[in-house]
Amino acid sequence: RKLKLPCDDFHGVHTNERHSFPSTALSSSPLDDFLGNIFGKDTKDGNEMKLIDEKSNNESSDEEMSLSSFQQELVKRQEETNTSTETSTLTNEDDEQEAEFGGYDLRDMMYYKYGECFDVEFQRVDVGVPSVYLNIMPFRLGGRTFRHETEHDYLCHLQAVVEILIKYNQLDYVLVQLTETKKKPRAGTSPLIAVPLRLDLTPEQVDKILG
């Protein structure tokens, strides 16, 4: 005999009957929504992080390329600067040395060689090929026949002479002759004895200096 259980009468439904549930009964619960939001947020955050990582990688790559390009340009400019500096140094080395030489230095050279500060003047010679000499005259600073009234005037004259020699690239050539010559200016003779220092000039340059 089949026993009737109390639950068989519950809502008038037998236990051996299959119940059908409307589809609305399968809707998500608040817990499902909560869990779904959590996992969905993780997925969204993961996608966002992936995009951020890709963007960071792209930016890092761009920064590396930019840094590499900058370093290459910097090295290139440094090499150009070094080359320009070396060329300028070689080209202007003699000019800088000559520019440091002035009227005071010419006076000192004559004093160390002769023990006197002699006057100098340019002289043109037209025998054969026209030429110019810088003569060291036998007129000393402080002498009665010295044409410059003051030492300042004398130094200004020497400075002008040095500038002309530098302009025509003759300073070194003249100073070598002054150092090597054995001659000495002599006064009280007829004619006066001067020490000629020849300039190596073209006829056109001779005309410009002493036309």
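Reader: Before we look at Cys156, what does "partly exposed" mean?
Author: A residue is buried under 20% relative accessible area, exposed over 50%, and partly exposed in between. In this predicted model, Cys156 has a relative accessible area of 41%, so it is partly exposed.

Reader: And Cys117, buried or exposed?
Author: Cys117 counts as buried, because its relative accessibility is 12%.

Reader: How many disulfides does the structure hold?
Author: The structure holds zero disulfides. A disulfide is a covalent bond between the sulfur atoms of two cysteines.

Reader: Changing topic: at what angle do helix 2 and helix 3 pack?
Author: Helix 2, residues 103-114, and helix 3, residues 151-167, pack at an angle of about 100 degrees, and their axes are 7 Å apart. Helix 2 is therefore roughly perpendicular to helix 3.

Reader: What kinds of residues make up that contact?
Author: The contact of helix 2 with helix 3 has eight nonpolar, two polar and two charged residues. Among them are Leu106 and Met110 in helix 2, and Leu155 and Val162 in helix 3.

Reader: Where is Phe101 found?
Author: Phe101 lies in the loop between helix 1 (30-100) and helix 2. With 14% relative accessibility, Phe101 counts as buried.

Reader: Which residues is it in contact with, leaving aside neighbours within four places in sequence?
Author: Phe101 is then in contact with Leu106, Met109, Val162, Ile166, Leu171 and Leu175.

Reader: Which residues are buried in helix 4?
Author: In helix 4, residues 171-180, the buried residues include Leu171, Val174, Leu175 and Leu178. Seen down the axis of helix 4, the buried residues fall within an arc of 100 degrees, so they line one face of the helix.

Reader: Why can residues a few places apart point the same way?
Author: An α-helix has 3.6 residues a turn, so residues three or four places apart point the same way.

Note on methods
Residues numbered from 1 in each chain as written. Predicted model: local features only at pLDDT ≥ 70, side-chain atom pairs only at ≥ 80, totals over all residues. Heavy atoms only, no water. Disulfide = S-S within 2.5 Å. Buried < 20%, exposed > 50% of the residue type's maximum accessible area, 1.4 Å probe, protein only. Axes fitted to C-alpha atoms, helices over the stretch in contact; angles between N-to-C directions. Helix = DSSP H or I, 4+ residues; strand = E, 2+ residues; numbered from the N terminus. Parallel < 35°, antiparallel > 145°, perpendicular 65-115°, else oblique. Contact = heavy atoms within 4.5 Å. Nonpolar A, V, L, I, M, F, W, Y, C, P; charged D, E, K, R; others polar. Arc of directions from axis to C-beta.
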